[in-house]
Amino acid sequence: MGATYEFYKGLWKENPVFRMVMGMCPTLAVTNAAINGVAMGLATAFVLVCSNIVVALIKTLIPSKVRIPAYVIIIATFVTIADLILAAYFPDIQKVLGLFIPLIVVNCVILARAEAFASKSNVRLSILDALGMGIGFTWALTLLGIIREILGMGSIFGISLFGEGYISWIIFILPPGAFLTLGLLIAFFNAFSKNKAEDSCCH
Amino acid sequence: MKNSTAYLIIVMVVISLASGLVLALTYNFTIPSINEIAAREQEQAILAVIPGATKYETYESAPFPMYKGIDDSGSIKGVAYVIEGGGFQGIIKIMVGIDMQNQALTGIKILSHSETPGLGARITEDWFQSQFAGKSINDAFVARQDVEAITGATISTKAVSRLLKESIPNVVEQYKTLGGGK
Amino acid sequence: MKKLTFKGGTHPPHSKKATEKLALEKANAPKIVVIPMQQHIGAPCDPIVAVGDEVKVGQKIGEAKGFVSVPVHSSVSGKVTAIEPRLYSGGTKVTCVVIESDMQDTIHESVTSKGSLEALSADDIKNIIKEAGIVGMGGAAFPTHVKLAPPPEKNVDTVILNGAECEPYLTADHRLMLENPEDVVYGLQAFMKALNVSKGYIGIEDNKMDAIEAMEKAAQGKEGIEVVALHAKYPQGAEKQLIYACTKREVPSGGLPADARVVVNNVGTAAAVAKAIKTGMPLVERIVTITGEGISNPKNLFVKIGTSFREVIEQCGGFKGNPQKIIAGGPMMGIAQFNIDIPVIKGTSGILTLSENELQLSDPLACIKCGRCIEVCPIGLLPTKLESFSSRNMLMEAENYHVLDCIECGSCSFICPAKRRLVESIRLGKAQVMAEKRKAKA
Amino acid sequence: MEHGNLVVSSSPHIRSKESVNSIMYNVIIALLPATVAAIYFFRLRAFLLIAVSIIAAIAAEAIILKIRKKPIAINDGSAIITGLLLALTISPAMPLWMAVVGSVVSIGIGKQVYGGLGSNPFNPALVGRAFLIITFPVQMTTWINPIDGLATATPLGLQKMEGIGTGYLELLLGNVGGSLGETSALLLLIGGLYLIYKGIIRWYIPVSYLGTVAAMSLILGSDPIFQLLSGGLMLGAFFMATDMVTSPVTKKGQLIFGIGAGLITIIVRLYGGYPEGVLFSILLMNIFTPIIDKYAMPKIYGEVKSK
């Protein structure tokens with residue numbers, strides 16, 4: 001359970017999307033293209049790292065009674081920063097992600113890490129935890145985005161794969177396709193996971 | 001001491017102030033760029049639907065967003081306005097350009113929509129938008145007769161047609177009351 | 001004629017053709033009879049004879065213990081050779097008196113006519129019935145005199161004779177009604193007098209029109225007695241369903257027929273009562289239908305209580321082919337037997353030998369929720385739900401879905417296209433719920 | 001006179017002749033008239049679509065059962081019905097590979113993920129069709145006229161989008177645009193009546209469903225006969241809404257189910273975005289089936305008086 005563990009647990013063993021099934025709102029809503037998955041994942045990771053750092057820094061100052069509101073203010077601050085920066089420098093991505101950037105505030109992954117980890121750990125471990133979780137979240141969203149983009153638009157990161165004649169599987173860029181893809185991926189990963197019994201206890 | 005009400009309040013106030021400060025700084029830092037982007041997008045949309053125009057002016061007194069497109073020589077090339085209304089799944093927002101002299105559409109541009117991807121969303125495709133340029137403002141805009149429809153997305157096609165047909169007389173009326181080209 | 005019926009129910013093939021036209025015959029006298037001391041619901045009897053004793057036909061050999069119990073009588077004359085536990089059709093071992101017949105059939109001196117019905121009081125009749133060892137002959141074998149003594153506040157006003165014989169294959173009651181309708185009516189009159197009621201129904205399924213005619217003729221001029229034709233549908237002969245069909249009354253959930261002011265008896269029971277009054281002969285013989293594709297010559301026989309299944313089957317020409325299942329009773333509610341060396345008892349309405357063809361053994365499949373079982377349940381239960389509750393040990397839910405109201409008629413299992421063993425699971429659930437209740441009380 | 005090993009089991013000792021297989025094969029028989037008509041109208045295309053759908057459904061069922069390590073019970077006929085029903089609900093102009101996709105989705109996502117026959121909450125064929133109509137909307141709504149083979153719209157589409165009516169006789173006989181199996185209302189009706197006559201299905205759902213559609217169209221000022229005869233209503237009412245696994249088990253429940261499906265159908269047809277509402281009506285009512293079952297229990301004998 002060393003420092004490296006705190007980093008890599010988020011990649012697979014406690015992957016927020018495939019293992020803990022958290023943060024479903026952005027997971028399902030924005031992953032209709034690979035680039036959106038990457039962007040959403042990175043934005044979330046940014047907020048995650050920043051809020052984890054701040055929470056770990058000031059954890060001793062915050063009374064437990066108001067810790068959740070305090071965390072929410074911290075998280076909201078970084079979300080707004082992320083939103084403004086995206087709007088100013090990456091307007092196209094900001095337009096596509098739209099409402100879901102502000103909604104990072106209520107992404108339970110972030111509050112969960114602040115509450116469950118950063119508030120009990122030092123800054124170094126909190127950064128590692130946030131990085132692991134953030135990267136785990138990002139790759140999961142990117143994978144979803146890639147699958148949905150390939151099937152739904154016949155392209156990957158906007159690069160056409162099958163040429164003009166490809167018939168889009170429109171369902172995959174619509175919300176139902178997100179549920180289907182996520183469900184099948186979770187089923188797939190569960191089937192191939194060695195420690196099924198242990199993992200199935202989570203949420 | 002740590003659980004006293006006063007301490008709780010102080011902590012929250014400090015956090016809020018810090019947050020506000022950080023946000024204010026960020027906002028000040030990013031807002032010029034954001035505004036610039038918004039303005040650029042609006043200009044691009046207006047100039048796109050009024051060919052020949054190089055700059056635009058806003059009709060400040062119009063009840064809905066309405067602009068005039070002006071070319072380098074200072075003559076009015078056309079009027080642009082924004083109309084929005086229900087499509088198949090949500091609101092479709094369109095920038096429309098009209099040449100009042102020739103009583104014809106000069107172009108349309110779909111600003112935003114939430115039509116079905118791959119179907120209704122194809123209203124943003126060039127072939128669809130460009131077919132409106134040159135049509136008379138008195139056109140009936142009947143889908144599949146006057147307007148080439150999108151296969152499998154008749155409702156979205158019809159929504160665009162209907163929005164145009166309904167809004168044009170209104171704009172022409174506004175144009176007159178606002179004193180034409182003056 | 002109006003045809004009465006109930007809600008739900010199913011239509012298993014009647015399969016009565018083999019024996020319905022065959023007149024009753026006397027079975028060959030058995031050389032040895034094995035008479036169980038418990039042939040009825042209630043307390044078992046104590047044997048009152050000893051090994052080596054000489055007994056005669058109609059002689060009491062087992063004394064009833066308690067109110068819900070009836071005595072047992074010898075069906076032959078001869079010598080008691082053993083008193084020991086033996087397997088009987090209930091599937092367990094009970095104390096049996098084994099008598100070796102002297103083939104004389106000497107009748108015991110206690111067997112004398114009890115006089116005319118008019119001369120007897122209600123209590124006399126009940127007493128005769130009890131002493132004659134009469135129990136419900138339809139299969140349940142509940143002591144008849146107990147049924148005839150309902151609490152007075154129940155205001156019983158109707159007696160129903162059950163001649164429905166809704167179990168497929170069985171024709172014992174049918175033949176009885178055809179050949180001896182007078183005794184049936186006489187027995188009904190005895191019941192009515194014992195209960196002091198003026199209304200008596202004889203309910204018969206409409207697949208036995210000849211029996212309906214015969215009974216109507218016999219009932220002609222008898223006051224208060226009405227023969228009613230019932231729609232031929234299983235389980236028309238179930239007590240609650242019969243009561244509903246005849247009177248439109250419902251026995252309250254968890255209640256007895258007396259709660260619907262009705263007492264129900266089988267036509268065979270009525271005939272046995274008539275015999276006990278007229279001749280004094282206790283219940284030592286009954287009609288048994290021996291049928292099924294696994295038997296060479298199906299018959300309706302008068303069989304002495306205690307005769308082994310093996311002897312009866314031999315008299316019917318033995319097995320045909322390789323029988324798969326031997327059942328005491330009918331195919332819907334009868335009990336499958338391990339072997340045929342068991343005695344015919346008071347409740348043995350039939351010996352059914354089923355061939356492979358009739359059994360249609362197949363493994364249960366997943367429930368496809370067709371709702372057939374719900375449609376046929378005469379009680380209005382949800383057998384598919386009850387089955388899943390019972391098999392998952394969800395006793396609370398099972399009780400809430402009225403598992404205790406199940407009459408175990410088997411309609412649901414019969415109809416199930418996925419061949420699920422519904423009634424089997426439900427029966428288990430029912431027993432567990434009852435056990436829990438007893439535990440809670442204790 | 002000896003006997004072999006006697007079977008000793010719990011009563012009842014006889015079983016009805018009806019089995020899951022016989023139910024399934026009767027449903028297939030009932031679908032035959034409409035299937036034959038589809039092949040007559042659309043020739044080889046229809047035959048290929050139907051064959052491919054059925055084969056794909058059976059193959060998907062077998063493969064998934066194998067993966068799940070369950071006995072491969074493809075002879076119960078349920079996969080055939082799913083494939084056939086799916087084929088009958090798609091356009092004759094569909095590419096064959098899309099039919100395969102639909103069949104695989106029907107069996108995989110519509111049925112096996114829930115645990116196979118008996119456990120699926122939705123009618124598998126309709127799940128497949130819903131997937132197809134969302135995934136390939138253009139191909140799913142491109143119809144061809146059975147007479148001249150030219151592109152056309154369905155009678156419901158014509159009515160809704162263009163206000164053009166279609167004659168009753170044409171609707172009844174089936175020379176109109178539409179999916180393979182919904183062209184001839186008459187043949188579907190014959191198949192449905194066969195199922196009711198054979199006691200495979202009860203009349204409750206079809207009658208309450210069709211009755212509600214007729215009554216509501218009358219109230220809402222639409223032509224009830226047109227509404228009854230057009231679209232997939234007959235197919236849905238007799239063959240899909242009556243799917244035993246996904247419809248309520250009691251009479252009361254089935255009546256409620258039919259009325260609900262009828263209401264949704266007519267609302268979608270008259271006010272919704274799609275011309276046809278049968279698919280969604282049945283899928284939506286499938287969701288309510290467990291709740292309906294919970295509250296629409298039969299009256300229990302002797303229950304009232306026990307109080």
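Author: Let's start with helix H8 of chain C, where C:Val267, C:Gly268, C:Thr269, C:Ala270, C:Ala271, C:Ala272, C:Val273, C:Ala274, C:Ala276 and C:Ile277 are buried. Buried means under 20% relative accessible area, while exposed is over 50% and partly exposed is in between, using a 1.4 Å probe and protein chains only. That makes 10 of the 12 residues in H8(C) buried, and the helix mostly covered. Helices (H or I, at least four residues) and strands (E, at least two) are DSSP runs, numbered from the N terminus.

Before going on, a word on the ground rules. This is a predicted model, where local features need pLDDT of at least 70 and side-chain atom pairs count only at pLDDT 80 or more, though totals for chains, interfaces and linings use all residues. Residues are numbered from 1 along each chain as its sequence is written, chains are lettered from A and ligands numbered from 1 in the order in which they are written, and side-chain values use heavy atoms, leaving out hydrogens and water.

Back to the helix, which covers residues 267-278. The expected span is 1.5 Å times one less than the number of residues. For the 12 residues of H8(C) this gives 16 Å, and the end C-alpha atoms are 16 Å apart, so the two agree.

Now look at the ends. After the helix comes C:Gly280, which has a positive phi, near 80°.

Elsewhere in chain C, strand E9 (residues 93-101) contains C:Ser101. With a relative accessible area of 12%, C:Ser101 is buried. Its side chain reaches the backbone nitrogen of C:Met103 at 2.9 Å. Leaving aside neighbours within four places in sequence, C:Ser101 is in contact (heavy atoms within 4.5 Å) with C:Pro30, C:Lys31, C:Val76, C:Ser77 and C:Gly78.

Finally, step back to the chains. Four pairs of chains are in contact, and chains C and D share the most contacts. Chains A and C do not touch, as their nearest C-alpha atoms are 22 Å apart. Chains B and C have no contact either, and their closest C-alpha atoms lie 37 Å apart.

Conventions
Polar contact = N/O pair within 3.5 Å; in protein donor to acceptor, adjacent residues only side chain to side chain.
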